[in-house]
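Please provide a briefing on the overall dimensions, surface and strand arrangement of the structure shown below.

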Amino acid sequence: AESSSRKSPERTSTTSAWRSLTRANQATLAAGDSLLLKRGCTWTGPLNVRWSGTSTLPILVGAYGSGALPRIQNSHENVLISGSNVIVENVFTRSDPVTFDSGCQNQPAGWRVGFRLVSGASYDTIRASEADDQYVGIMIEGGAHHNRVLSNTLRNNNMKDPNFASDAGAVGISLMGNDNEVAYNAISGSDTCSELYGRDGAAVEVFGGSRNRIHHNVATQNNNFTELGKVPSSDNTYAYNKVTSSLATATFLVTRGASTSYDPGYRTKVFNNVVYLSGSQAYAVQCTGGCISSILSMRGNIIWSQDRVGYADAAFDEGNNLYWKSDGAPKVWFPISSTSRKADPRFVDLAASNLRL
């Protein structure tokens with residue numbers, strides 16, 4: 001690890017770089033400083049990003065040299081971020097399973113998180129990085145706010161909680177904090193065996209977070225694109241996401257009103273997304289427990305779902321959507337407005353997932 005500091009004597013060169021994350025974690029970095037990890041190298045985590053920059057002089061945690069991204073692996077959280085105005089870029093995290101659930105297809109299990117932003121982490125950016133094979137790829141906890149998750153790759157985050165009774169896990173990005181942006185990421189393989197539900201997992205899960213913006217992401221082969229739960233989840237927006245899956249039980253959106261045993265998610269906005277779910281039991285939209293307009297607004301989306309487009313137990317704010325399935329009879333079990341249609345969107349090439357019109 002090479003440190004570049006304007007103010008401290010810890011400035012090092014590539015020929016005298018620190019050799020351990022322990023040493024890097026002890027560094028004193030000031031606004032505008034950089035901590036660079038050598039490409040092609042692997043460390044056991046965690047890297048503790050506890051420093052804070054400023055809006056004009058952020059602290060950079062990145063990579064130098066040539067070759068594969070620097071790898072941090074096999075820790076409870078591989079990169080733990082508690083500072084503010086920090087940019088983390090070009091860092092790869094992954095983990096080996098801690099154990100396996102022999103009662104559920106020998107599913108990998110373990111509480112392993114790629115990037116974890118704890119309460120107080122704010123105005124941080126994670127970009128051009130990767131998180132694979134973990135419980136949660138990127139976790140933004142309650143009290144972490146105004147962070148950005150941009151242009152990352154999250155693959156096969158399919159570990160489940162080692163406490164098998166809880167059946168949690170398999171999440172690409174978990175949003176428990178407020179006012180965060182999740183955009184231009186590629187999220188795939190968030191899918192796990194579940195003793196409670198058969199299959200579980202989500203590309204982006206909102207669990208108590210509000211006013212988050214999830215847009216222009218590409219999600220493939222996830223059990224679910226998004227599920228919302230836990231008060232005070234509210235005012236979250238999903239826009240311009242491309243969601244495809246051939247998994248048998250894939251879904252696009254799961255949310256609930258106030259009259260269920262789950263907590264409601266208020267004023268969720270779902271605008272201009274394109275969804276193609278080809279699995280035999282695909283069930284794109286699920287909104288129960290009083291799915292009224294104060295719960296969900298869904299407009300301008302194209303949703304092709306091979307089994308059921310969706311169900312809602314009440315009329316919500318719905319308009320200008322297009323619904324379809326291959327036999328020409330999409331199952332839409334909620335009232336649709338006069339501006340919505342059941343019609344073939346005429347995608348350019350379904351086999352190649354080219355969902356242009």
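For a chain of 357 residues, a compact globule would have a radius of gyration near 21 Å, and the chain agrees because its own value is 21 Å. This radius is taken over C-alpha atoms, and the globule rule is 2.2 Å times the number of residues to the power 0.38. The model is predicted: local features need pLDDT of at least 70, side-chain atom pairs count only at pLDDT 80 or more, and totals for chains, interfaces and linings use all residues. Residues are numbered from 1 along each chain as its sequence is written, and side-chain values use heavy atoms, with hydrogens and water left out.

**Extent and packing**
- The C-alpha trace spans about 70 × 45 × 40 Å along its principal axes.
- Of the 357 residues, 55% are buried (under 20% relative accessible area, 1.4 Å probe, protein chains only).
- Among contacts (heavy atoms within 4.5 Å) with a separation of 6 or more, 64% are between residues 24 or more positions apart.

**Strands**
- The chain has one helix and 39 strands, which are DSSP runs of H or I (at least four residues) and of E (at least two) respectively, numbered from the N terminus.
- Twelve strands form an open sheet with parallel pairing, in the order β3-β6-β9-β14-β17-β20-β25-β28-β31-β34-β37-β39.
- Its edge strands, β3 (42–44) and β39 (341–342), each pair on one side only; pairing requires at least two DSSP bridges between two strands.
- Strands β20 (residues 186–188) and β25 (residues 218–220) run parallel and are joined by three bridges.
- Ala186 stands opposite Val218 in β25.

Terms used:
Buried < 20%, exposed > 50% of the residue type's maximum accessible area, 1.4 Å probe, protein only.
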